[in-house]
Amino acid sequence: MPEISPAPGDNYERKVFQAFVEGGRLKAIPAKRKKREVLLRHMILVFEERRVYREAEVNAILGDFHEDVATLRRELVEMGLLIRYRGEYARLQQGQSPQA
């Protein structure tokens, strides 16, 4: 099962993780965008670059973090960390824009 953890030395991330992550899973999805983004930026790392995922695969991966996979999936797409095309998803390569 994939786990997320804060970057070493980042106090803000550590506080967000202490408040919202337990045993590698989210206790809750943060209401504040800044806190959500911290967690989503770590979650995206479990997806391989240049690999296409079916929606069911994305849901299974995100389900390891929290039961509300639809919200997590939507947030990853809205942040531009995942792109969606015809029901398939891919992680953007680092530095790539969604328009590429």
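These are my notebook entries on a predicted protein model, written as I looked things up.

**Entry 1: ground rules**

I number residues from 1 along each chain as its sequence is written, and my side-chain values use heavy atoms, with hydrogens and water left out.

**Entry 2: the overall layout**

I began with the secondary structure, and the protein chain has 4 helices and 5 strands. Helices here are DSSP runs of H or I with at least four residues, strands are runs of E with at least two, and both are numbered from the N terminus. Reading along the sequence, I noted the pattern α-β-β-α-β-α-α-β-β.

I then checked burial: of the 100 residues in the protein chain, 38% count as buried. Buried means under 20% relative accessible area, exposed means over 50%, and partly exposed lies in between (1.4 Å probe, protein chains only).

I also looked at contacts, meaning heavy atoms within 4.5 Å. Among contacts between residues at least 6 apart in sequence, 49% join residues at least 24 apart.

**Entry 3: how the helices cross**

A reminder to myself: two packed helices are described by the angle between their axes and the distance between the axes. The axes are lines fitted to C-alpha atoms, for helices over the stretch in contact, and the angles run from 0 to 180 degrees between N-to-C directions.

At what angle do the axes of H1 and H2 cross? I found roughly 90°, with the axes of H1 (residues 11–20) and H2 (residues 33–43) coming within 10 Å. That makes H1 roughly perpendicular to H2. For the wording, under 35 degrees is roughly parallel, over 145 roughly antiparallel, 65 to 115 roughly perpendicular, and the rest oblique. On the H1 side I listed Tyr12, Glu13, Val16, Phe17 and Phe20, which meet Lys34, Lys35, Val38, Leu39 and His42 in H2. By class, this contact has 6 nonpolar, 1 polar and 3 charged residues. Ala, Val, Leu, Ile, Met, Phe, Trp, Tyr, Cys and Pro count as nonpolar, Asp, Glu, Lys and Arg as charged, and the others, Gly among them, as polar.

Next I took H2 with H4, whose axes come within 10 Å and cross at roughly 90°. H2 and H4 are therefore roughly perpendicular to each other. Arg33, Arg36, Leu40 and Met43 in H2 meet Leu72, Glu75, Leu76 and Glu78 in H4. I sorted the residues of this contact into 4 nonpolar, no polar and 4 charged.

Then came H3 and H4, which pack at an angle of about 110° with their axes 9 Å apart. This makes H3 roughly perpendicular to H4. From H3, Glu55, Val58, Asn59, Leu62 and Gly63 meet Val69, Leu72, Arg73 and Leu76 of H4. I counted 5 nonpolar, 2 polar and 2 charged residues in the contact of H3 with H4.

**Entry 4: the largest nonpolar core**

Which residues touch the most other members of the largest nonpolar core? Of its 24 residues, they are Ile4, Leu39, Met43, Phe47, Leu62 and Leu76. Such a core is a set of buried Ala, Val, Leu, Ile, Met, Phe, Trp, Tyr and Cys residues joined through side-chain atoms within 4.5 Å. H1, H2, H3 (55–63) and H4 (69–78) each supply at least two residues of this core. Its largest share, 4 residues, comes from H2.

**Entry 5: some single residues**

Arg25 lies in strand S2 (residues 25–26) and counts as partly exposed at 26% relative accessibility. Arg25 and Leu62 are 37 residues apart in sequence and 9.8 Å apart in space, C-alpha to C-alpha.

I found Glu57 in helix H3. A polar atom of the Glu57 side chain lies 2.7 Å from the backbone nitrogen of Arg54. Leaving aside neighbours within four places in sequence, Glu57 is in contact with Arg51 and Val52.

Arg50 is not a glycine, although its phi is positive at about 65°. I placed Arg50 in the loop between H2 and strand S3 (52–54), and it is exposed, with a relative accessible area of 69%.

Is Arg86 buried or exposed? At 73% relative accessibility, Arg86 counts as exposed. Arg86 sits in the loop between strand S4 (82–85) and strand S5 (88–91), and has a positive phi of about 50° although it is not a glycine.

Note on methods
This is a predicted model: local features need pLDDT of at least 70, side-chain atom pairs count only at pLDDT 80 or more; totals for chains, interfaces and linings use all residues. A polar contact is a pair of N or O atoms within 3.5 Å; within protein, one must be able to donate a hydrogen and the other to accept it, and residues adjacent in sequence count only if both atoms are side-chain atoms.
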